[in-house]
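Subject: Structure for you to look at

Dear colleague,

I am handing over the structure below, and I would be glad if you kept it open while you read my notes, which follow it.

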Amino acid sequence: MQEAGPRFLGRCINVLGAAVSATRSLGLTPAGFTPSIDRCMLLPGTQLLHRPLRYVRALGHLPSRSLMNLGELVSALNDFASLSLAESWDNVGLLVEPSPPHTVNTLFLTNDLTEEVMEEAVQKKAGLILSYHPPVFTPLKRVTWKTWKERLIVRALEHRIGIYSPHTAYDAIPHGVNDWLAKGLGACTSVPLRPSTAPSCPAEGTHRVEFCTDNSEHLDMVLSKIRDIQEISCLTTLPARVEGEEQTRVSLNCSQKALLKVVALLSQNSLYQRTEILLLQKPLLPHTGMGRLCTLSEPVSLLDITERIKSHLKLPHIRLAVGMGRTLESPVKKTALCAGSGSSVLKGVEADLYLTGEMSHHDVLDAVANGISVILCEHSNTERGFLRELCDTLAVHLQNKVNIVVSEKDRDPLQVA
């Protein structure tokens with residue numbers, strides 16, 4: 001029921017006075033501006049309040065979360081970790097996309113997207129699920145209600161939820177999954193076991209071929225045949241002075257396969273003796289790549305390392321194979337690690353200890369025979385804890401434009417019985 005007359009107007013003025021006081025207390029009043037209310041405006045029986053408000057959201061100057069367009073959010077996630085860093089066999093990026101336009105208020109993080117986790121995402125009104133492991137890996141021939149992975153896609157589209165997976169791109173980046181796992185060892189320095197290279201340098205070709213000639217008619221014929229070879233790029237000709245003579249310098253980029261044909265052509269035309277062949281190597285990206293070789297600041301016993309890892313991963317038990325000639329008291333200085341399934345990355349690396357989620361029985365036997373101890377923590381246990389750190393990092397990267405939540409249902413399927 002609406003209040004009428006002087007009493008209602010008096011309450012409005014009281015609230016206005018409180019808002020003015022609040023602007024002063026929060027420092028939101030423009031420089032040189034002194035807000036005031038003429039007391040002649042007050043009706044009899046009304047008083048001007050000077051109590052500051054504890055919280056005034058209506059003023060509009062306090063930060064609040066906003067929606068992000070799906071395309072904008074995916075672009076920001078790709079900037080955070082370039083998908084070009086993922087392994088070639090991996091399936092990364094935006095895997096499920098609701099029909100546009102689609103805006104996201106809540107970004108939901110999980111290590112594995114199971115049906116239980118999907119229902120949790122639905123309940124929390126997620127607009128995009130970031131699943132570290134891609135739920136769609138093997139190509140689907142149909143999307144029905146028959147298998148659990150197909151049902152994930154159906155549920156996502158029914159509730160207009162996108163699905164994005166970074167997987168091995170997050171393994172490779174600095175301060176990613178592997179660097180998080182390395183924190184469990186204690187103070188150490190680390191380098192990637194398999195460094196990543198810059199994805200766009202050089203743009204084309206694996207080799208550069210350069211040669212000079214002073215026979216322009218002969219050169220035209222050779223260039224014509226070179227242009228017929230596939231996988232040739234960046235073909236250029238420039239005037240050059242060689243030993244006082246005017247010549248033409250030819251440069252081109254080519255693949256390994258095309259190189260054989262180029263060399264054969266130049267040899268047939270007596271140009272090979274004047275040819276230089278350069279291997280185009282992409283520069284390594286610092287602190288980026290698969291796995292880590294960690295050197296501890298001070299050696300510690302194998303027993304101490306196991307306790308540190310259990311504490312870091314919040315696990316009551318881990319699996320340990322002691323290397324040949326080693327004991328629980330043997331010192332550990334170098335540890336090679338790879339989150340998840342690390343056999344292919346760790347194999348052949350010289351270290352005191354291998355740390356990963358899972359390895360094949362025979363790979364463990366090989367390591368032990370070479371005097372290397374092995375710690376296995378189950379696949380996703382070496383990855384899942386990173387999500388809490390990721391939540392904070394992404395909040396800063398995305399400028400708090402979306403709510404970010406971590407799944408409470410996500411867990412490793414294996415338990416110690």
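By class, how many nonpolar, polar and charged residues does the lining of the largest cavity have? Before the answer, please keep in mind that this is a predicted model. The lining of the largest cavity has 3 nonpolar, 3 polar and 2 charged residues, and the residues themselves are Leu302, Arg326, Thr327, Ser330, Pro331, Val332, Asp352 and Ser373. The space inside the largest cavity comes to about 50 Å³, and the structure holds 1 cavity of 30 Å³ or more.

The largest pocket has a volume of about 370 Å³, and of the 15 residues that line it, Leu313, Lys314, Arg384, Gly385 and Arg388 are the closest to its centre. Sorted by class, the lining of the largest pocket divides into 5 nonpolar, 4 polar and 6 charged residues.

The second largest pocket has a volume of about 310 Å³ and is lined by 16 residues, of which Leu315, Asn381, Leu414, Gln415 and Val416 lie nearest its centre. Here the lining divides into 7 nonpolar, 3 polar and 6 charged residues.

Now to the aromatic rings, where a search of the whole structure finds 3 aromatic pairs. In one of them, Phe80 and Tyr170, the ring centres lie 5.8 Å apart and the planes meet at 80°, and because planes over 60 degrees apart count as edge-to-face, this pair is edge-to-face. Are Phe80 and Tyr170 buried or exposed? Both Phe80 and Tyr170 are buried, and together with Phe386 they form one aromatic cluster.

One further contact involves a ring and a charged side chain: Arg151 lies over the face of Trp145, at 6.0 Å from the ring centre.

When you go through the model yourself, you might begin with Phe80, Tyr170 and Phe386, the three members of the aromatic cluster, and then turn to Leu313, Lys314, Arg384, Gly385 and Arg388 around the centre of the largest pocket.

With best wishes

Conventions. Residues are numbered from 1 along each chain as its sequence is written. This is a predicted model: local features need pLDDT of at least 70, side-chain atom pairs count only at pLDDT 80 or more; totals for chains, interfaces and linings use all residues. Side-chain values use heavy atoms; hydrogens and water are left out. On a 1 Å grid over the protein atoms alone, a cavity is a set of points where a 1.4 Å probe fits but cannot get out, and a pocket is an open set with protein on both sides within 12 Å along at least five of seven lines; lining residues have an atom within 4 Å of a point. Grid points are joined across faces, edges and corners, and a volume is the space filled by probe spheres set on the points. Ala, Val, Leu, Ile, Met, Phe, Trp, Tyr, Cys and Pro count as nonpolar, Asp, Glu, Lys and Arg as charged, and the others, Gly among them, as polar. Rings of Phe, Tyr and Trp (its six-membered ring) pair if their centres lie within 6.5 Å; planes under 30 degrees apart count as stacked, over 60 as edge-to-face and the rest as tilted. Buried means under 20% relative accessible area, exposed over 50%, partly exposed in between (1.4 Å probe, protein chains only). A charge sits over a ring if NZ of Lys or CZ of Arg is within 6 Å of the ring centre and within 35 degrees of the ring normal.
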